[in-house]
Amino acid sequence: MLPTTLVNSGSQGNGVLSHRDAARHTAGAKRYKYLRRLFHFRQMDFEFALWQMLYLFTSPQRVYRNFHYRKQTKDQWARDDPAFLVLLSIWLCVSTVGFGFVLDMGFFETIKLLLWVVFIDCVGVGLLIATLMWFISNKYLVKQQNRDYDVEWGYAFDVHLNAFYPLLVILHFIQLFFINYVIISDSVIGYFVGNTLWLIAIGYYIYVTFLGYSALPFLKNTAILLYPFALLIMLYLISLACGWNFTKMLCSFYKYRVK
């Protein structure tokens with residue numbers, strides 16, 4: 001589940017892991033440990049997860065610096081504590097209910113919207129992006145002199161969750177206060193405010209994703225992950241010139257999906 005070396009401190013003298021250490025460091029073992037802790041709330045560090053959520057906005061470099069400490073102390077890069085995932089799920093539910101309220105949806109329509117946002121927008125799109133980034137990073141970004149290292153799929157999905165949280169707060173929470181009175185109006189200020197929030201949210205996603213992969217010392221040329229910024233800014237300028245209102249289109253799409 002997590003990116004790790006094939007050779008570590010638990011290896012035998014010939015550089016090969018013992019059977020016990022190898023079993024403990026497999027992706028399946030780590031995934032089992034993570035899921036097991038998911039049902040023990042008292043073992044979760046929610047205070048530290050809240051700290052990470054705060055710094056994903058203010059200083060995401062500090063969050064990934066902590067990943068280095070975890071690698072040194074626990075021999076894994078990504079979280080072994082599901083507290084962040086639990087809090088993200090709560091945020092997702094609360095913000096989606098707020099979205100349904102702002103769009104004047106009924107109870108069952110809001111439930112349908114929640115299921116769509118959770119399983120399509122977050123999990124479905126996340127699986128697709130994580131798989132794509134896992135393939136690209138292992139195929140093109142791993143340093144040739146460090147072929148014993150690889151980015152495992154679980155870490156790629158973990159990076160997606162880190163990047164998704166700021167996007168979620170901006171588009172599904174902050175934007176709610178402007179939708180009915182500013183954004184969905186047919187004025188210039190409406191699509192300017194709405195599209196600017198989209199620019200900031202997707203920009204955060206790209207930047208936090210870049211930090212996630214640049215934090216891995218065995219990857220090279222991670223700056224190419226910032227290239228989508230050029231396309232993002234181009235689409236933003238085109239949308240302003242053409243009067244496209246991304247938020248209004250999203251609201252219409254959500255209402256169509258929950259009918």
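Biologist: By class, what residues does the lining of the largest pocket have?
Modeller: The lining has 20 nonpolar, three polar and one charged residues. This is a predicted model. Leu, Val, Ile and Trp count as nonpolar.

Biologist: Which helices each supply at least two residues of its lining?
Modeller: α6 (107-141), α7, α9 (188-214), α10 (228-242) and α11 (246-257).

Biologist: Now the rings. How many aromatic pairs does a search of the whole structure find?
Modeller: The search finds 17 aromatic pairs.

Biologist: Why is the pair of Phe 84 and Tyr 165 called edge-to-face?
Modeller: Two values decide. The ring centres of Phe 84 and Tyr 165 are 6.3 Å apart, and the cut-off for a pair is within 6.5 Å. Their planes stand at 70 degrees; over 60 counts as edge-to-face. So Phe 84 and Tyr 165 form an edge-to-face pair.

Biologist: What makes this pair a tie between separate parts of the sequence?
Modeller: Phe 84 belongs to helix α5 (residues 83-102) and Tyr 165 to helix α7 (residues 153-174). The parts are 81 residues apart in sequence, so the pair ties them together.

Biologist: How do you know that Phe 84 is buried?
Modeller: Its relative accessible area is 2%. Buried means under 20%. Phe 84 is therefore buried.

Biologist: And Tyr 165: buried or exposed?
Modeller: Buried, because its relative accessibility is 6% and the cut-off is under 20%.

Biologist: What makes Phe 173 and Phe 177 an edge-to-face pair?
Modeller: The centres of Phe 173 and Phe 177 lie 5.5 Å apart, with the planes at 90 degrees. The limits are within 6.5 Å for the centres and over 60 degrees for the planes. So this pair is edge-to-face.

Biologist: Why is Phe 173 called partly exposed?
Modeller: Phe 173 has 34% relative accessibility. Partly exposed covers the range between buried, under 20%, and exposed, over 50%. So Phe 173 counts as partly exposed. Phe 177 has a relative accessible area of 57%, so Phe 177 is exposed.

Biologist: Which residues do ring pairs link into a cluster?
Modeller: Phe 57, Phe 84, Trp 91, Tyr 165, Phe 173, Phe 177 and Tyr 204.

Biologist: Turn to Ser 95. In which helix does it lie?
Modeller: In helix α5. Ser 95 is buried, because its relative accessible area is 3% and buried means under 20%.

Biologist: Which backbone oxygen does the side chain of Ser 95 reach at 2.8 Å?
Modeller: That of Trp 91. The Ser 95 side chain also reaches the backbone oxygen of Leu 92, at 3.2 Å. A polar contact requires the atoms to be within 3.5 Å.

Biologist: Leaving aside neighbours within four places in sequence, what is Ser 95 in contact with?
Modeller: Leu 168, His 172 and Leu 176.

Biologist: What is the phi of Asp 104?
Modeller: Asp 104 has a positive phi of about 60 degrees, although it is not a glycine. Asp 104 sits in the loop between α5 and α6. Its relative accessible area is 70%, and exposed means over 50%. So Asp 104 is exposed.

Biologist: Where is Asn 221 found?
Modeller: In the loop between α9 and α10. Asn 221 is not a glycine either, yet its phi is positive, about 55 degrees. At 52% relative accessibility, against a cut-off of over 50%, Asn 221 therefore counts as exposed.

How values were computed: Residues are numbered from 1 along each chain as its sequence is written. This is a predicted model: local features need pLDDT of at least 70, side-chain atom pairs count only at pLDDT 80 or more; totals for chains, interfaces and linings use all residues. Side-chain values use heavy atoms; hydrogens and water are left out. Rings of Phe, Tyr and Trp (its six-membered ring) pair if their centres lie within 6.5 Å; planes under 30 degrees apart count as stacked, over 60 as edge-to-face and the rest as tilted. Helices (H or I, at least four residues) and strands (E, at least two) are DSSP runs, numbered from the N terminus. Buried means under 20% relative accessible area, exposed over 50%, partly exposed in between (1.4 Å probe, protein chains only). A polar contact is a pair of N or O atoms within 3.5 Å; within protein, one must be able to donate a hydrogen and the other to accept it, and residues adjacent in sequence count only if both atoms are side-chain atoms. Contact means heavy atoms within 4.5 Å.
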